[in-house]
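User: I have a structure open and want to go through a few local details. Can you take some quick questions?
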Amino acid sequence: MRRSVGLAIGAAAVTGAIAWPAATPAGDGPIAALLVPESAQRAELPPRADGSRALRAARGIAALGPRPAGSAAERRAHARVARAFRRAGLRVAVQPFTVPGHGRSRNVIGTLDAPRRDCLKIAMAHADTTAPGPGANDNASGVGVVMAIAARLRRIAPRCDVWLVATGAEERIFTGQGDHLGALALARRARAREAKRRLRFALSLDEVGRDRPFWLRSPAAAPRPHVERALLRAGRATGVAVSWVRDEGDSMSDHREFELLGLPAAKLGVGAGGEPCRHTACDTADRLDRHSLALAQRLAERALW
Ligand SMILES: [Zn+2]
């Protein structure tokens, strides 16, 4: 057990109710909860997201058009995320950094402190694109899910501190850099805040807007208990089909820089079907699937819970 019973009862008393969801084929109902001691001791998650908020947010980001690192459009996307985080009552920090040859980019970080401060979970999504496409699936989809989670994070009442992040300058094909620059800055910030001791996982949501089942990717040699296994368990608990696939060679999303600094991280994203419109003009908002966004949101919320 990682949490005191007293704390869970206290939290339930404050929120006024322990809301059991209806039983579902996913096995996440009352009986499953009783069989899982951790779930039996605390208030349940809010009703499952239907993806409509994530879809609205993703469309809003994609409507800004191509958002290459350092551009005005990338800055506008980050400003939208910052507003959503503030509306959700998160503490917002902007972490600026330089993109050589392209000016400045930033990470927008929304923090919710938990009663216990000895663990931290991060969910992040890159807001930038390559030059040609509106980047709806890559990666307004991930940003939309992060914004939708923000709106529910206080109700989710995570037991660990949570950072929700819209990163910048992920697309190396545009920046010409060896690292995902936003993730590098973010991983260093986390490390300076005791992530070696506290971080359970940093999850990059990248291309979660259409192809399923999702793949969970990481460079680990085998699934780790508090990283891949915890995330896969969150998928099972919420009826989200996902399989872990080891990164061969270089990791291709923001989880890379965390792992390079020795911090546990993974990516949830496109599955075996790939993304044929990646980095092209056909990655448009009409291809986004609300249900796919809902599934990514459910898994992430359960993992953050
Ligand atoms: Zn991407």
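User: Which residues does Arg 217 touch, leaving out those up to four places away in sequence?
Analyst: This is a predicted model. In it, Arg 217 touches Val 245, Asp 247, Ala 266 and Lys 267, with residues up to four places away in sequence left out.
User: Where does Arg 217 sit?
Analyst: Arg 217 is in strand E6, which covers residues 214-218.
User: Buried or exposed, and why?
Analyst: Arg 217 counts as buried because it has 25 C-beta neighbours inside 10 Å, and the cut-off for buried is 20 or more.
User: Switching to H10. What is its span?
Analyst: Helix H10 runs over residues 225-238, 14 residues, and reaches 18 Å from its first C-alpha to its last. That is close to the 20 Å expected at 1.5 Å a residue.
User: Which of its residues are buried, and what do they pack against?
Analyst: The buried ones in H10 are Val 227, Glu 228, Leu 231, Ala 234, Gly 235, Ala 237 and Thr 238. The buried residues of H10 pack against strands E5, E6, E7 and E8, and against helix H12.
User: What follows H10?
Analyst: Gly 239 follows H10, and its phi is positive, near 70 degrees.
User: And H4, what do its buried residues pack against?
Analyst: Helices H5, H6 and H12. The buried residues of H4 (residues 52-62) include Arg 53, Leu 55 and Ile 61.

Technical notes:
Residues numbered from 1 in each chain as written. Predicted model: local features only at pLDDT ≥ 70, side-chain atom pairs only at ≥ 80, totals over all residues. Helix = DSSP H or I, 4+ residues; strand = E, 2+ residues; numbered from the N terminus. Buried ≥ 20, exposed ≤ 12 C-beta atoms within 10 Å, placed from the backbone. Contact = placed C-beta atoms within 7 Å. Expected span 1.5 Å × (residues − 1).
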